[in-house]
Each structure stands twice: as structure tokens, then as C-alpha cells.
Amino acid sequence: MDQRFDVTERFAEGAQFIAGGLCAGTSGRTQDVVDPATGETVLRYELAGTDQVDAAVAAARGAFPGWSRATPGERSDTLHRFAAALAEDAEDLAFAESLNCGKPIKLSREFDVPGSIDNAAFFAGAARHLEGKAAGEYSGDHTSVIRREPVGVVGSIAPWNYPLQMAAWKVLPAIAAGNTIVLKPAEITPLTSLLFARAAQRAGLPDGVLNIVCGAGRDAGEHLVGHAGVAMTSFTGSTGVGRRVAEIATGTVKRIHLELGGKAPFVVFDDADLEAAVHGAVAGALINTGQDCTAATRAYVQRPLYDAFVSGVADLMATVRLGDPFDPSTDLGPLISHAQRDRVAGFVERARGYATVVTGGEAPQGELARGAYYRPTLIAGAAQDSEIVQSEIFGPVLVVLPFDSDDEGIALANDTPYGLAASAWSRDVYRTGRATREINAGCVWVNDHIPIISEMPHGGAKASGFGKDMSAYSFEEYTQVKHVMYDNTAVARKDWHRTIFGDRG
């Protein structure tokens, strides 16, 4: 297709971005970047060594004094130019994201790329609003002021499912608050993170403020998390790896922000709009081929609507078009890799022993067999404590279970280690109000599932981690609060001194 660029030529200098320039890795090991729709290698690059993590942290530390002292207006102006540069690169970014991840081009063009541009525009404005509590005389003799200050160098690790958006979610609030950053994207999906960094450079972001190291998790990733020069770690990924990140980060007593796994419930009460719920379930379950930690994975449907819901979802899933990600009519692309496809298939095959695969449950044949494709899958009849209900599958699989009372539906929704996202479907405002209060998740949608906006926070509870991405709330992750207290009395001998020495005068 004519919109494709030569990936090898684009990254001929290497796939590391340190101190404002691309360079080759130094680990001595290479990584293939694979198109999951075809299985073909589109780029082979050398992975970052731990010495390059050190160099990236040093570049970030060197850039920190100047960037942290820039005025909010100066940082805002740079981020506005950054948003404009991303908009200029929109088609390249969409192409690279679809090539690297197998996303349908319509998803990259209409969701990933515009969402990332909007994040940049939002944080350009938010950079001017790093506010603390107003000054006041709370003790009577002193004026107290709250300062929000950047924490320093942030070491961030992003996952492979949304490489561009995760780069934006990690980088933008950090640099808007005056921090500098070293980002390690997933080594299998580096393309858009590197394009993102090049756009930032073109926008005038000072060298060293943003650095990208593309290396293996156990080497570059763990070295970054444990680095003494890194003040904060932000990680998005699985709960298992998140535990390891927390263990390493705790050893150097650094701040941690974790956005981990999910198993989102989709609760349909018996007065819900059935058509809306069916369409919402298919869209919420299949976005990004189900490789989304907020995807609808467990549908709980009150018994009067259960059979019609199962039938409706199965029929709608059967119309979803698998195909070439660059065909605008394609609805569902491949999973990120054949290994991930096989992992998803393993969950489904094991579920056949205790549940019913209503539709899907197989990889397509023919031309699509070259890629990591898997058909949209609906499973019914599973027990609440079964693997398919409790474990994060990260694929185009939805399991549906019935419930009777509202109490039962909410209890089932909460019966999971995770707490990232959920949705409640009803025409009754009191029912949905109760659901939003009682379902333990960082986000609860009402009569919808999946939409996100830059102005509102994203983050979870329980085993889904803690801390927020996006929105002004993210500044609470990337700033430290300092209390400054001024004496107003000009009295040398304070009355409280007598509690330490001497008597009352």
C-alpha cells in the first residue's frame, strides 16, 4: 500500500532514542519486530544493553534541572507544538501501529492516534494548572504554602497492546509536571514509541527530557526499575510482572505507579435495553482483539434476558469481519503473536470440558492462517470459580453467566481479584447508581463500555494496581507535595521554644 513507509530505512540508525538521537543497541542480542497478520519480520534491531539504560538515565538527569525550572507556560508551549507534530504524523503513526500490532487501520486511525494527539493537547493545557492549596495562616503565626514539584527522573515501562497510547499516558503527564523520563516500551512493539519521541524532538522538547530504551524486560526493564538515579517507576502490564516491579522498586524506596490486569464485569439487569447491551458487549469484548485490560470479559445477565442476550451476542459476533488490518472494512485483526493466539486457544480448549462454546473457538483457515487470528468467541455455562471466568485471557473471548437478584449480580461482578473497570446496564437510575457505588473498580460505565477521555482518570483497585493515568489526577503520581511555612512574627524567642529549653518569659 502506498501509505507504507520503509521501516528498516526509518530506523536505520537504530531503535534506541537517547539524549535526542537514535542509536543502535549494545546488548549483543537482536529482536525481530513481526507483523502479526502475516508472521513476517518487518524490522530486526539490536536490543538495549544496561549501559544504555545508564546513559538514558544520565541524559534524563542532565536535562532535569532545565526542564523542571521551565515555566508552566514554556512547558505548555512545547506540548502544544508536540500535539501539532503528532497530528502531522497521524498517518505514519496509524500505519506503524497497525503494522506492529495487527490493529485494524480504522481502530488505529480513529482511536489510538487521535486519542494520543488529544492527550498531548490536554496536557499542554494542564501544564499551566499545577495547583496546591491556597496560602493561609493555619497556625496564626505562619503562612503556609503548598508547592507541587516534579519528582525527578521517571522510569516507565509500557505494554505491547497499545504502544502509542501507553507512550502518551506515561510520557505526557510526567513531562507536563516538569519531570524527565526514560520509557521502555515492549521490545516487540517499539515503532510508534520511537516515532512519538521523534515528533517530540521536532516540537522542540529539549534533548534528554524523553528517552526511549528498547530492551528485554529482565535486563533493561529490571535495571531501569532498580536504578538509583530513577525517582519513580510507572508500569503498565500484567499483575504478575507488576509484583516483580514493585519488589525491585521497593528496594530503592522509589515511588510506584502500577496499572495491572483486569477482568471487567458487564452487568446486564432485566430492564436493560437488550439491543444496546448486545452491541455494547460485542464492541467491549472485541476491541483490540480483546487485548485490553478494560475489555468486557465477564457478562452477567439477569435471567429474564439471559437467553436472548446469548443468542444476540452470538449472532452479532458471527458478522464480525476478520481480515487484513489495512483493509478499511476489517473489523478484527490478529492477536499480537502466534504465542498469544495459542495461549487464548488453550483457555478455550480447556473450557470445553466444563462449558459450552456458543460461537467461535477456533483460528480461521485459508489465507488468514498465516497470521495470529482467532475468531470472536462466546462461552456459556461456565461456573463462577472456573478458569475462564477468573483468569485474564487477553483475547476475543466473552463468557456469559446468569444471575437472579441484583444482590447476586453485584456480588458476582466483585468476585474477582481485579478491579480495573466494569459496566452496568439498566434503564433504572437507582439500580445503576447502586452498581456504580458497590462495584469495586476504578471505572464503572453506565449503559456503555470502553470509552475513555483525556479529562478523566484511568486506573484500578485491588490486583489491578493503583494510581491514575490521564487527567489532572495523574499529576498526583508525577509530583511531590511540599509544604513551605513562613514565620510572620519576626520574634526571635518563640513561645514554643520553652518546651525545649528555658521557662516562659
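Tutor: A residue is called buried when its relative accessible area is under 20%, exposed when that area is over 50%, and partly exposed in between. The model shown here is predicted. Asp331, with a relative accessible area of 25%, is therefore partly exposed.

Student: With which residue does Asp331 form a salt bridge?

Tutor: A salt bridge requires a side-chain nitrogen of Lys or Arg within 4 Å of a carboxyl oxygen of Asp or Glu. Asp331 pairs in this way with Lys106, and their closest N and O atoms are 2.7 Å apart. Lys106 belongs to helix H5, whereas Asp331 sits in the loop between helix H11 and helix H12, so the contact ties together parts that are 225 residues apart in sequence. Lys106 is also partly exposed, at 29%.

Student: Which helices does the salt bridge between Asp92 and Arg10 link?

Tutor: The side chains of Asp92 and Arg10 meet at 3.2 Å, N to O.

Student: How many salt bridges does the structure hold, and which residues do shared partners join into one network?

Tutor: The structure holds 29 salt bridges. Among them is the pair Glu349 and Arg352, at 3.1 Å from N to O. Glu349 is partly exposed at 43%, and Arg352 is partly exposed at 40%. Elsewhere, salt bridges with shared partners connect Asp270, Asp271, Asp406 and Arg431 in one network.

How values were computed. Residues are numbered from 1 along each chain as its sequence is written. This is a predicted model: local features need pLDDT of at least 70, side-chain atom pairs count only at pLDDT 80 or more; totals for chains, interfaces and linings use all residues. Side-chain values use heavy atoms; hydrogens and water are left out. Helices (H or I, at least four residues) and strands (E, at least two) are DSSP runs, numbered from the N terminus. Buried means under 20% relative accessible area, exposed over 50%, partly exposed in between (1.4 Å probe, protein chains only).
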